[in-house]
Amino acid sequence: MDLILTHEHFKKICDFVYDKSGIHLKEGKEALVQARLSKRMRILHINSIEEYIKYLDNNDDDEFANLIDVITTNTTSFFREDNSLKMFEKFIESWIKKGKKKFRIWSAASSTGEEPYTIAMIINELISKYNLINHDIKILATDISPTVLMKAQKGIYSIDKIKNVPAEFKNKYFCKIIKDDIKCFEVKKNLKDMITYRQFNLLSEKYPLNGPLDIILCRNVMIYFDEKTRNTIVRKMHNLIDSGGYFIVGNAESLAGRAADFKLIKPAVYQKK
Ligand SMILES: C[S@@+](CC[C@H](N)C(=O)[O-])C[C@H]1O[C@@H](n2cnc3c(N)ncnc32)[C@H](O)[C@@H]1O
């Protein structure tokens with residue numbers, strides 16, 4: 001089946017994706033959307049884009065989740081953008097040194113789990129280093145896509161996916177398993193238990209958690225949003241962060257219109273004023 005995506009079809013899909021997720025599919029992405037939609041339609045045995053759009057209208061939330069999965073990029077990796085993770089480590093360490101034991105962290109748009117597991121490893125190392133007892137540490141990891149959340153909860157990664165994990169952490173935090181005849185690595189239970197996964201759309205009116213939070217990581221998702229959406233999200237995150245807490249975005253992202261609410265510590269790393 002050769003899917004031909006007209007300008008009107010592209011616009012209809014773009015409007016739907018934007019309304020539901022805030023993701024702004026830019027002009028010029030027609031070929032990418034066409035290729036990815038074709039794949040989805042083959043799975044559904046749907047032969048025309050009109051039929052797919054009708055299907056989308058009738059199966060709203062369920063098909064929306066699948067559409068988001070094929071349209072968005074879930075690219076992530078362990079220890080990604082470690083410039084800001086080093087700052088993350090520094091903040092937690094300095095709080096521990098001051099006697100803080102309760103930490104609330106949110107990995108918003110956590111994709112397949114590499115980001116929350118990375119911060120859990122960083123925190124766990126500090127717990128051991130400072131022999132921290134009676135601590136109360138909670139990491140919330142959310143994403144709009146149920147598919148990536150399911151993968152995150154399973155915590156099973158190929159050898160290639162864990163290539164950035166330091167060698168000593170591979171044994172400490174992962175078990176070797178065989179999945180579909182392939183050698184893989186599964187995150188150990190103690191690390192999994194540090195994280196709560198929830199589906200959450202950053203566009204939602206009401207945010208699913210009560211602050212105050214110590215650190216929010218919202219990395220490499222706001223690039224898909226327009227400025228108005230980004231400003232709304234950053235304002236809501238600002239309300240949730242404790243005073244003196246931190247907000248970490250992706251290296252290619254900025255706070256645009258809301259920057260004045262934060263103090264820039266390093267590129268991509270902000271502190272609530
Ligand atoms: C490129 S990944 C970023 C993963 C991780 N934060 C990182 O930096 O490696 C972007 C993630 O944002 C999620 N996403 C896209 N729109 C969203 C929305 N409106 N609400 C919540 N998550 C969203 C996607 O499902 C995807 O998993």
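Me: What makes you say that the ligand lies between domain 1 and domain 2?
Reply: Domain 1 (7-71) and domain 2 (82-156 + 188-272) both give residues to the shell around the ligand, so the ligand lies between them. The domain bounds come from an automatic or database domain assignment. Keep in mind that this is a predicted model, where local features need pLDDT of at least 70, side-chain atom pairs count only at pLDDT 80 or more, and totals for chains, interfaces and linings use all residues. Residues are numbered from 1 along each chain as its sequence is written.

Me: Which residues come nearest to the ligand?
Reply: Thr 76, Ala 109, Ser 111, Ile 144 and Arg 219 come nearest, out of 24 residues around the ligand. A residue is counted as near if its C-beta atom, placed from the backbone, lies within 6 Å of the molecule. The shell divides into seven nonpolar, 13 polar and four charged residues. Here Ala, Val, Leu, Ile, Met, Phe, Trp, Tyr, Cys and Pro count as nonpolar, Asp, Glu, Lys and Arg as charged, and the others, Gly among them, as polar.

Me: Why is Ser 111 called buried?
Reply: A residue is buried if 20 or more other C-beta atoms lie within 10 Å of its own, exposed if 12 or fewer, and partly exposed in between, with C-beta atoms placed from the backbone. Ser 111 has 25 other C-beta atoms within 10 Å, so Ser 111 is buried. Ser 111 lies in the loop between β1 (102-108) and α6 (114-129), and has a positive phi of about 50° although it is not a glycine.

Me: What makes Phe 79 buried?
Reply: Phe 79 has 20 other C-beta atoms within 10 Å, so Phe 79 is buried. Its phi is also positive, near 55°, and it sits in the loop between α4 and α5 (82-97).

Me: And why does Gln 153 count as partly exposed?
Reply: Gln 153 has 16 C-beta neighbours inside 10 Å, so Gln 153 counts as partly exposed. Gln 153 belongs to helix α7 (residues 146-154); helices (H or I, at least four residues) and strands (E, at least two) are DSSP runs, numbered from the N terminus.

Me: How do you know that Ile 248 is buried?
Reply: Ile 248 has 23 other C-beta atoms within 10 Å, so Ile 248 is buried. You will find Ile 248 in strand β8 (residues 241-249). Leaving out residues up to four places away in sequence, Ile 248 touches several residues, including Phe 88, Leu 217 and Arg 219. Two residues are in contact if their C-beta atoms, placed from the backbone, lie within 7 Å.

Me: How do you know that the span of helix α2 agrees with its number of residues?
Reply: The expected span of a helix is 1.5 Å times one less than its number of residues. Helix α2 (residues 30-44) has 15 residues and should span 21 Å; its end C-alpha atoms are 21 Å apart, so the two agree. Just after α2, His 45 takes a positive phi of about 55°.

Me: How many helices and strands does the protein chain have, and what makes it as compact as a globular protein of that length?
Reply: The protein chain has 10 helices and 10 strands. Its radius of gyration is 20 Å, close to the 19 Å that the globule rule gives for 273 residues, so the chain is as compact as a globular protein of that length. The radius is taken over C-alpha atoms, and the rule is 2.2 Å times the number of residues to the power 0.38.
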